Amino acid sequence: MKIKLPIQTKQIANGELVKKQSDKEFEIDTSLASQIRFESKFPKLAEREDLFGYSKRICEVEGLSASVIISKMKMLYCWFDTELEFIDFLKLFDLADKEYVENLTDAIKVAFELIFSGSSEKNL
């Protein structure tokens with residue numbers, strides 16, 4: 001399965017800030033490899049819960065704060081089959097633009113739906 005997330009870049013052109021938005025496609029990987037990514041990239045979190053439990057808990061958290069979005073990005077990063085390092089993955093997303101963050105949050109909700117679509121617990 002694939003999901004597109006909005007990417008926003010900024011640059012100065014002729015003394016003005018120019019924002020450019022595009023979509024980046026990610027492959028969703030719900031295999032056991034996602035749990036291994038979680039354990040290797042976020043060992044302290046993995047000591048307390050597995051990726052599925054972390055994801056269910058985090059997807060219920062509302063808000064547009066940086067800490068909420070970063071937590072959701074940790075989860076998505078582990079569910080995505082990507083060669084990017086986590087910090088490079090985060091650099092794709094601009095948290096300084098509220099409208100963009102709202103679009104990103106909507107795309108994250110769609111990703112959650114796709115990830116949990118095969119789960120019998122999705123309606124809990």
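Rings of Phe, Tyr and Trp (for Trp, its six-membered ring) are taken to pair if their centres lie within 6.5 Å, and planes under 30 degrees apart count as stacked, over 60 as edge-to-face and the rest as tilted. The model shown is predicted, so local features need pLDDT of at least 70 and side-chain atom pairs count only at pLDDT 80 or more, while totals for chains, interfaces and linings use all residues. Residues are numbered from 1 along each chain as its sequence is written, and side-chain values use heavy atoms, with hydrogens and water left out.

**View 1. The aromatic pair of Phe42 and Phe86.** The structure holds 11 aromatic pairs. One of them joins Phe42 and Phe86 in an edge-to-face arrangement, with 5.1 Å centre to centre and 85° between the planes. Because Phe42 lies in the loop between α1 (32–41) and α2 (43–48) and Phe86 in helix α5 (residues 86–90), the pair ties together parts that are 44 residues apart in sequence; helices (H or I, at least four residues) and strands (E, at least two) are DSSP runs, numbered from the N terminus. Phe42 is buried at 9% relative accessibility, as is Phe86 with a relative accessible area of 15%, where buried means under 20% relative accessible area, exposed over 50% and partly exposed in between (1.4 Å probe, protein chains only).

**View 2. The tilted pair of Tyr77 and Phe89.** The ring centres of Tyr77 and Phe89 are 5.4 Å apart and their planes stand at 50°, so the pair is tilted. Since Tyr77 belongs to helix α4 (residues 66–79) and Phe89 to helix α5, the pair ties together parts that are 12 residues apart in sequence. Tyr77 counts as buried at 3% relative accessibility, and Phe89 counts as buried at 0%. Both rings belong to one aromatic cluster, whose members include Phe26, Phe38, Phe42 and Phe86.

**View 3. Lysine charges over the rings of Phe26 and Phe116.** The charged end of Lys24 sits over the ring of Phe26, 5.6 Å from its centre, a charge being placed over a ring if NZ of Lys or CZ of Arg is within 6 Å of the ring centre and within 35 degrees of the ring normal. Lys56 lies over the face of Phe116, at 4.6 Å from the ring centre.
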